[in-house]
Amino acid sequence: MKFDDQKIRNIGISAHIDSGKTTLSERILFYTKRIHAIHDVKGKDGVGATMDSMDLEKERGITIASAATYCEWKGHEINIIDTPGHVDFTIEVERSLRVLDGAILVLCSVGGVQSQSITVDQQMKRYKVPCIAFINKCDRSGANPFRVIEQLRTKLGHNAVAMQIPVGLETELEGVVDLVAMKAVYFDGESGEEVRVEDIPPHLRAEAAAKREALVDAASLFSDELTEAILEEKEISPELLYTALRRGTLKRELTPVYMGSAYKNKAIQPLLDGVTYLLPAPSEVENVALDMNHHEEPVVLTGDPEKPIIALAFKLEDGQYGQLTYIRVYEGTIEKGSTIVNVRNGKKVKVGRVVRMHADQMEDVDSLRAGYIGALFGIECSSGDTFVSPGINMTMTSMYVPKPVISLAIVPKDNKAQMAMSKALNRFSKEDPTFKTHVDPETNETIIEGMGELHLDIYVERMKREYNAEVTTGNPRVAYRETITQRADFNYTHKKQTGGSGQFGRIAGYIEPISDAEFVFENKIFGGAIPTQYIPACEKGFRQSMAKGPKLEFPITGVKVVIDDGASHAVDSSDMAFQAAARGAFRDAYLRAKPVVHEPIMKVVVESPTEFQGSVMGLLNQRRGMIIGSQDEGVMCVIESQVPLGEMFGFSTILRSATQGKAQFTMEFALYRQVPQSIAEKIALEAAKNKKTAA
Amino acid sequence: MVVSRALRREDNVIHLTYEDMMMIKKEIIERNPLLNLGFEREYILADGGLGAVLAHAGVGKTALLVQTALHAMMHEQPVLHVSLNDAVSKVDLWYRELFNDMASKYDSTEITQYWENMLNYRFIMTFRVEGFSVPKLEERLADLMQQNIFKPHTVILDGLKFDESGRGLLVELKEMAGKYAMRIWCTVHTHRHEPPKEDGLPLSFLHVADLFDVLVQLSSQGPEVYIKALKGQLPDSRQDALLLDPATMLIKS
């Protein structure tokens, strides 16, 4: 293993669904000689793309779990995380971005900046990941890379600048003109592996000169030397230009744009050059850990391999030989046989096998130094855990994990399936923090929760395939919530005398709605009306009440409880009595506080040919959707709307049949909104029915 | 009780108190930019009317029209905002920002509820400048109206290039306004290098000026942006000095 931090690149490939990320990864692996043959994403040749290692991924042609791999290009080691495109799997994208230093934003030369590109871009912004863009599918009819560059500027606000111009477009795509070297580059051989560099064709010279001027102009903002060279009309060397471009890219103030066609094997090698020239080495990125000994004070990590270990487990996989933990080392060096501590639970673990991953194959190594991504065997942990050297108490910044919005009851077919199912659920919930599972105490059913219909579908499918767990699923259930809309006072006395010492507690105060927290408890009691030792019991009682609304039994949010009076009894008062009093007080006040039901509203973005715009809007409208707007993009249009999740089940089938399969949509959680009265009544009826069935 | 009626839509339940609603509504009505300019009607334009706001780039044409739109939405009148420059999200941001500025002194929970309700009365459409035509807009509109999804009372058309579009397009637009009994407001970008005529109208606008029923001009003088009616106001009306606050882009008198 070589050790030169400047020659490591940890990159991700992020994009909208079907932009060709996995195809691009496949080509990168081929050109860097990690694989020796190219396979189709949809698995027509029966092999499937290398990065889509799960059977299901090969079958559906989408990447579900991101696989990590590494390859070498011109003396640089590149770690690549292939990230999923569907928004239901966004947690994977977020986790990948957390550990990466740079990214390639893949865009379709026909579709341009699509809805998911915007989501992915926001995530990159959140984690300050510098990126370069690759406009793929330049061989497609309707390809227009410069329109996409314009969209990068207008829709995403990137200072996008072309590094190349295409030689030919659509079916005529032959290669690209490199605007730094001012040479035309062609890709010969069966799989485009032979790079041929020639002079720029005469008909492209003027365009190339103009675009180069724009490139140099954009780069000059980041380099005084370059500005000087321009003013003095000196020759601008590629090194000078790359240095300036790199500075801009690392600051996220410039997005260099490459173009080509992964499927047709055009212009992938220059993109790899771009990764090595323009994306940062691990030491060039500021990573911050939180010092647990000093009130989580942020500490900037140096990336020194000699310092104590700080590493983040960002992904788990159940492999042939047990749990495989993907890890990024931020500081220190993890060696085979060394001892590390899981900060979350303080458990010490001994490092067994250390490997570098290449999709589902692996390579044993002795150590992983700061800046590297690899995997460990036999480490029990959850995704997002931080590992450190003994004596260190730091944690990597916690990741943003959205709450599940949909749930599904699953029932195993037999006892064998029950065992397999619990094993699978245990694994999945460890791997994916947005996937949750619990047993409903009333119906005794196992409930799985996640971020969308497809998200849960995939897990049910994986249960069957990977764990042989045959399960039947119930109807998906929406995660409704209850909240109150006005203040209500309470004055409740809990009194019970059943022989021996009784129970007594009186609590008075009020509940009122709040918008920015789930639950707030405020104690305004002066003079000891309720003795101080019972106050925590009061809070506990109120908190318990929040778990289930008294009427519809959905979790309650957005309530502030203030207690300002009460009474106790020297003998009969106890924690238990005050907890019961609090529960009674809440029940009493809740119905007077005009409770309402809130439902999850999804942001649904449909991309459709314009001729179907009317029918798509009709479909959304029928689903209680509020159409925010429509964007005309020539032959295609983008319709943005907000639709209740409860109305979205089976939407993909309906959309396909209404648009001859030409429209696609993405969906992500937007907000919780109050359910209209008529629907609330339906929900109440259903809840009553469920309660009856459970009884 | 006008406000309660305004909010008693079949499927929406709003929990604002009457007083809260009145306060917010009053505030927005006071902000209605053009009331003090001596126009006869509440919505300034009559059914089928065409109006325009003229100004140099960056002076506040969109901000002014978004406030007009908010005023209509407040009265439960559906507004279609057609933008030829900006993406849906950016147009939405204009509305959010201006509404939040107007209602900044009220409780955020109540404002959010109120805003959510107002959104039912707004629809944003964006076109590429080169792809825009009145028949295309009418086709899209027909899609919405036939399915009872949206029938606009007011249309805001932002980003049309008057010097390039010619008279034909505006004649079509006026016909469409009449056909569907809508009011259409346009933004007109005037050029700094082009001195206005005596009536305040730029030369490049004269060939279409007769098609408009109302013309309003924004002009920046020093740090202030003045709003002035050029056409359509009552003959003996007194034009109070109205300004756009350059910080918030809200109207102030």
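Mentor: Quick ground rule before we dig in: two residues are in contact if their C-beta atoms, placed from the backbone, lie within 7 Å. Also, bear in mind that this is a predicted model.

Let's start with the largest nonpolar core, which has 110 residues; Ala133(A) and Val257(A) are the ones that touch the most other members. At least three residues of this core come from domain 1 (5-284) of chain A, and at least three from domain 2 (287-396). Now zoom in on Ala133(A). If you skip its neighbours within four places in sequence, Ala133(A) is in contact with Leu105(A), Leu107(A), Leu152(A), Ala160(A), Thr255(A), Val257(A) and Tyr258(A).

Leu98(B) leads us into chain B. The axes of helix 3 (residues 61-74) and helix 4 (residues 88-102) of chain B come within 10 Å and cross at roughly 75 degrees, so these two helices are roughly perpendicular to each other. Helix 3 of chain B brings Thr62(B), Ala63(B), Val66(B), Gln67(B) and Leu70(B) to the contact, while helix 4 of chain B brings Trp94(B), Tyr95(B), Leu98(B) and Phe99(B). Sort those residues by class and you get seven nonpolar, two polar and no charged.

Terms used. Residues are numbered from 1 along each chain as its sequence is written. Chains are lettered from A and ligands numbered from 1 in the order in which they are written. This is a predicted model: local features need pLDDT of at least 70, side-chain atom pairs count only at pLDDT 80 or more; totals for chains, interfaces and linings use all residues. Axes are lines fitted to C-alpha atoms, for helices over the stretch in contact, and angles run from 0 to 180 degrees between N-to-C directions. Helices (H or I, at least four residues) and strands (E, at least two) are DSSP runs, numbered from the N terminus. Angles under 35 degrees count as roughly parallel, over 145 as roughly antiparallel, 65 to 115 as roughly perpendicular and the rest as oblique. Ala, Val, Leu, Ile, Met, Phe, Trp, Tyr, Cys and Pro count as nonpolar, Asp, Glu, Lys and Arg as charged, and the others, Gly among them, as polar. A nonpolar core is a set of buried Ala, Val, Leu, Ile, Met, Phe, Trp, Tyr and Cys residues joined through C-beta atoms within 7 Å. A residue is buried if 20 or more other C-beta atoms lie within 10 Å of its own, exposed if 12 or fewer, and partly exposed in between; C-beta atoms are placed from the backbone. Domain bounds come from an automatic or database domain assignment.
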